[in-house]
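Please look over the sequence and the model shown here before reading the briefing that follows.

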Amino acid sequence: MTLTDEITRAGEKAVAIIAEAASLDELKAAEPTIFGKKSALGSFKKSLGGLDPDERRQVGRHLNAVRDEVGEALARRREQLAAVERRRLLEAERLDLTEVPTSPRLGHAHLVSQAQERLEDVFVGMGFTVAEGPEAETDWYNFEALNIPRWHPARSMWDTLYLDLGDGDNVVLRTHTSPVQIRVMQNQGPPIYSVMPGRVYRRDTADASHMPVFHQIEGLVVDRGITFGDLAGTLDAFTAAYFGESISSRLRPSYFPFTEPSAEFDITCVICGGEGCQTCQRTGWIELGGCGMVHPNVLRNVDIDPEEYSGFAFGFGIDRLALMRHGVEDLRQMFTNDVRFLSQF
Ligand code: FA5
């Protein structure tokens, strides 16, 4: 085989290698075997030295022509492979707009808001009005007016968050909805039949049954001749209306500085229907909140004569109520805002 033939064959081989490269990386890796010093096309330069000048010129021209052809084949393939790579990238990054729903999914009120709305409906159905008050309260409304002076040990019942407004410890984030009782009594004289829902704050660490921010609903009745029997009857009527006839309520003696006598009120465990289960610690009852007859000192603080009027009040946690109603195990789940959880209710 002549040197010219060998050069032609080496050129064809190089073009074949170029055509076989399936990616830019493969092409780059093959380049030394095409044009490198140790490649076939690279080694012919040395062989030219042994030829006579005429032949050297002829073979040299042929070598250059073959090298040019191979160079062009390489550039073409590089361009082709770059186009393939670009297409692949575009395809991978393409947004599939066909997956976007044609109409947006509708949300709904949060579990706690739903519970609050239902509670309001039930109480309104029983003849109560709904009132609201501020979440940042003065010490007087949150404590003093409720018969809890600064020195009173009962203050430790509420782990309080104080607001630094440059006025001593005078302003707090309300620890319960009871200050709204005071505002309602101030703004409107008896007779009062009101419920007061709202957000409250405590320095409580979040766990399965506690949140630092939660919701309560307060109830207040002040009128002539109101007795403890009215309180018990109201709570029982409410329990049946909210949970159904099979659930009833009971009162246990307790202590709150703003009510005398005071009680905790329990309802039949909604999970086991009173049989006894893990949620109710096998007692068949679940604690819902506190209640009692409005303390005469509280009535005096808002200029209502305790000789003429008497009243009862109650307050309970809405979040725990929603938790029980839906058999949710951990209060924190309600506030992580996981739509997969919330959309179930
Ligand atoms: C009170 O806050 C009284 N103001 C209730 C009251 C009103 C008594 C009127 C008498 C007359 P207590 O601290 O127990 O009471 O809270 C009432 C309810 O709030 C509890 O039974 C519970 O359901 C709920 N609760 C208390 N702390 C938390 C918390 N950290 N997270 C969620 N719910 C809570």
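Which backbone N or O atom lies 3.4 Å from an oxygen atom of the ligand? The atom belongs to Leu288, and the pair is a polar contact in the sense of two N or O atoms within 3.5 Å, where contacts within protein also need one atom able to donate a hydrogen and the other to accept it, and residues adjacent in sequence count only if both atoms are side-chain atoms. Taken alone the ligand exposes 680 Å², of which the protein buries 94%, with accessible areas taken from the Shrake-Rupley method with a 1.4 Å probe.

This is a predicted model, in which local features need pLDDT of at least 70 and side-chain atom pairs count only at pLDDT 80 or more, while totals for chains, interfaces and linings use all residues. Residues are numbered from 1 along each chain as its sequence is written, and side-chain values use heavy atoms, with hydrogens and water left out.

**Ligand contacts and shell**

- A polar side-chain atom of His176 lies 2.9 Å from a nitrogen atom of the ligand, and a polar side-chain atom of Asp204 lies 2.8 Å from a nitrogen atom of the ligand.
- The ligand is surrounded by 26 residues, each with a heavy atom within 4 Å of it, and the closest are His176, Ser178, Arg202, Asp204 and Met211.
- By residue type, the shell around the ligand holds ten nonpolar, eleven polar and five charged residues, where Ala, Val, Leu, Ile, Met, Phe, Trp, Tyr, Cys and Pro count as nonpolar, Asp, Glu, Lys and Arg as charged, and the others, Gly among them, as polar.
- At least two shell residues come from each of helix 7 (178–187), strand 6 (213–223), strand 9 (285–294) and strand 10 (310–317), and strand 9 gives the most, with five residues; helices (H or I, at least four residues) and strands (E, at least two) are DSSP runs numbered from the N terminus.

**Backbone features**

- Pro190 and Pro191 are joined by a cis peptide bond with omega about 0°, and Pro191 is placed in the loop between helix 7 and strand 5 (192–201).
- Another cis peptide bond joins Glu260 and Pro261, with omega about -5°, and Pro261 is found in strand 8 (residues 259–268).
- Arg282, although not a glycine, has a positive phi of about 65°, and Arg282 is placed in the loop between strand 8 and strand 9.
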